[in-house]
Amino acid sequence: SDLSGYSVDSLVSCGSQSFRENVLITHHGISGPAILQASLHWRAKQKIKINLMPEKNMSDFLLNEKKSHNKKEIKNLLTPFFSEPFLLQFFSEHQFQNKSIADAKDQDLIKIGSTINNWELIPSDTMGYDRAEVTRGGVSTDELSSKTLECKNISGLYFIGEVVDVTGWLGGFNFQWAWASAHAAATSIRS
């Protein structure tokens, strides 16, 4: 909870899908646009991967700092990228030792960098249906006319919006689908 409200630009991967957006730490866990996008593809007990520095190979960065005879502590080298409270929690969670980078073993620096670029975790759950941004599933598009959204087997029955098995990314795509499908069905009904 000490980190609640902290966000970091990240690349979040779930299965074969990846999303580059912010990850937000909340009182209940992690959220933010990248996590919400990935949650659409997540299944219970499945790992997600979070690259907290998608623009930089952090193992190489730390090893290069050591080669340059830098005497700073590892956390101090990382504070331009992350807040100090985040680093304290991250180091504690992964049992990383903070020491002068000159005194650190290469394998430890590689492990720290690798964890920053490939943090794997298994979420315990989602926040549930009542907090969902979008829903997945619904009436199969195979059962509907792609032009009118009328049910192919029952004349006069239409399905639109999120009740149909169409799910868009965050950012208004689901609203657009709701409006476009409603327009298609209404135009057909009016005719």
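Guide: Gladly, and please keep in mind that this is a predicted model. Let's start with helix α5, residues 106–117: its 12 residues reach 16 Å from the first C-alpha to the last.

Visitor: How do you know what span to expected for α5?

Guide: The expected span is 1.5 Å times one less than the number of residues. For α5 that gives 16 Å, and the model's value is close to it.

Visitor: Which residues of α5 are buried?

Guide: L109, I112, G113, T115, I116 and N117 are. The word applies to them because each has under 20% relative accessible area. Their cover includes strands β4 (48–51) and β5 (119–121), along with helices α2 (58–67), α3 (74–78) and α4 (84–94).

Visitor: What does I116 touch, leaving out residues up to four places away in sequence?

Guide: I50, N51, L52, M53, M58, L78, F82 and F90. I116 also belongs to the largest nonpolar core, which has 36 residues; there I50, L52, I74, L78, F82 and I116 touch the most other members. Apart from that core lies another, of five residues, including L144, L149, C151 and A184.

Visitor: What is found at the start of α4, and what follows the helix?

Guide: At the start, a side-chain oxygen of S83 comes to within 3.2 Å of the backbone nitrogen of F86. After the helix comes Q95, with a positive phi near 55°.

Visitor: What makes the pair S188 and Y158 a polar contact?

Guide: Their side chains are 3.2 Å apart. The cut-off is 3.5 Å between N or O atoms, so the pair qualifies. S188 is found in helix α6, residues 173–190, and beyond its neighbours within four places in sequence it is in contact with T148 and Y158.

Visitor: Why are β1 and β4 called paired?

Guide: Pairing needs at least two bridges, and β1 (residues 7–14) and β4 have three, so they pair, in the antiparallel sense. L11 stands opposite N51 in β4. Three bridges also join β4 to β5, again antiparallel, with I48 partnered by L121 in β5.

Methods. Residues are numbered from 1 along each chain as its sequence is written. This is a predicted model: local features need pLDDT of at least 70, side-chain atom pairs count only at pLDDT 80 or more; totals for chains, interfaces and linings use all residues. Side-chain values use heavy atoms; hydrogens and water are left out. A nonpolar core is a set of buried Ala, Val, Leu, Ile, Met, Phe, Trp, Tyr and Cys residues joined through side-chain atoms within 4.5 Å. Buried means under 20% relative accessible area, exposed over 50%, partly exposed in between (1.4 Å probe, protein chains only). Contact means heavy atoms within 4.5 Å. Helices (H or I, at least four residues) and strands (E, at least two) are DSSP runs, numbered from the N terminus. A polar contact is a pair of N or O atoms within 3.5 Å; within protein, one must be able to donate a hydrogen and the other to accept it, and residues adjacent in sequence count only if both atoms are side-chain atoms.
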